[in-house]
Amino acid sequence: AYKNFDKLFLKEKDMKQAILTKLQTIEFSETDKPSPAANEVLVKVKNVGICGSDIHAFHGKHPFMSFPIRLGHEMSGEIVELGSDVKNLKVGDLMTMMPQIFCKHCVPCKEGRYNICDTIKVIGCQTPGAACEYFTVPAELVKTIPSELDAQLAATVEPAAVGVHAVRIPGNIKGANVVVMGAGTIGNLTAQAAIAEGAKSVLITDLSDFRLELAKKCGITHTANTSKVSMKEAVAEAFAGEQADLFFECVGVGATVNSAIECVRKGGTIVIVGVYGYSPEVNLGLIQDREINILGTLMYVEKDFRDTINYMAAGKINTRPLISKIFPFEDYQKAFEYIENNKDESIKILLEV
């Protein structure tokens with residue numbers, strides 16, 4: 001008679017969440033559905049993307065992420081409840097988020113470069129992310145999605161914004177000959193962003209024919225497999241004998257940086273987009289001798305994010321071909337295992353919550 005006694009008096013946990021609890025292990029647990037604070041919205045999560053940083057964390061190789069962590073900084077959802085102070089959003093809006101928590105007081109923040117805030121935390125990396133059924137988000141981080149985009153595409157806005165910010169780092173790229181090294185998710189989106197921002201010509205390189213064919217489907221016409229042709233030959237062919245003004249290094253390997261240093265024109269610029277797990281040996285002699293500019297890029301600011309949504313809605317950035325596979329939320333562990341076993345063909349993996 002008293003078998004379910006506890007359930008009569010104790011509220012059952014009503015939300016499922018996925019936690020990266022230890023090396024290569026995703027575990028599900030039940031927790032209370034959150035309620036939004038005055039400045040927050042409650043979101044029913046629709047899709048969560050798996051990012052390169054998530055993969056590093058899964059294998060215990062991310063320098064700024066530790067176990068346990070609830071992943072999910074690439075996401076989409078539907079607003080289901082508003083905090084009392086939220087006025088500019090409404091229930092039913094399709095949304096994604098800028099997953100940046102910044103102090104607003106340090107020098108970078110005061111300069112409007114809060115993407116490199118001295119104490120920045122990334123939701124889903126240093127704070128709990130959206131790998132759950134319901135999620136509260138500060139309203140100021142919410143970006144609504146127009147009707148031209150669905151929930152799956154909304155979950156790809158975040159990585160696309162990384163590419164848009166990257167191509168803005170060197171300044172106006174209109175009329176420039178651009179090389180993007182690496183045709184994974186970020187490399188592909190950086191190349192698309194360069195085209196959208198008015199580059200004269202864009203070449204993307206990789207060692208994978210599969211990824212280069214995918215790049216062509218996204219409208220990147222100049223491709224080269226640098227295991228079959230040298231970078232100098234690829235540049236000469238793509239740019240009709242002209243030199244490369246800009247290189248975007250999206251691989252995170254010392255050899256590709258040195259290749260860019262050797263092939264960029266004198267006075268040209270190399271933007272480091274890839275994440276390095278080690279300190280590479282770089283040819284500083286050529287950087288000095290040729291007055292080559294080396295710049296870094298990290299994440300994005302609000303204008304990059306909003307412009308990315310507009311580019312996607314207008315068809316100028318196409319993320320649909322990058323979605324390799326969609327797993328049900330319950331198969332989070334299987335999604336990581338799929339990526340591990342299909343590295344070449346796994347571009348963007350989504351979870352459907």
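1. Is α5 mostly covered or mostly exposed? α5 is mostly covered, since 11 of its 12 residues are buried; buried means under 20% relative accessible area (1.4 Å probe, protein chains only). Among the buried residues are Val157, Glu158, Pro159 and His165.

2. This is a predicted model, in which local features need pLDDT of at least 70 and side-chain atom pairs count only at pLDDT 80 or more, while totals for chains, interfaces and linings use all residues. Residues are numbered from 1 along each chain as its sequence is written, and side-chain values use heavy atoms, with hydrogens and water left out.

3. Helix α5 covers residues 157-168 and reaches 17 Å from its first C-alpha to its last, close to the expected 16 Å. The expected span is 1.5 Å times one less than the number of residues.

4. The largest nonpolar core has 93 residues, of which Val137, Val178, Phe248 and Tyr332 touch the most other members. α5 gives the most to this core, with seven residues. A nonpolar core is a set of buried Ala, Val, Leu, Ile, Met, Phe, Trp, Tyr and Cys residues joined through side-chain atoms within 4.5 Å.

5. Beyond its neighbours within four places in sequence, Tyr332 is in contact (heavy atoms within 4.5 Å) with residues including Ala18, Phe28, Leu71 and Leu351.

6. Valine 251 lies in the loop between β13 (244-249) and α9 (254-263).

Key: Helix = DSSP H or I, 4+ residues; strand = E, 2+ residues; numbered from the N terminus. Buried < 20%, exposed > 50% of the residue type's maximum accessible area, 1.4 Å probe, protein only.
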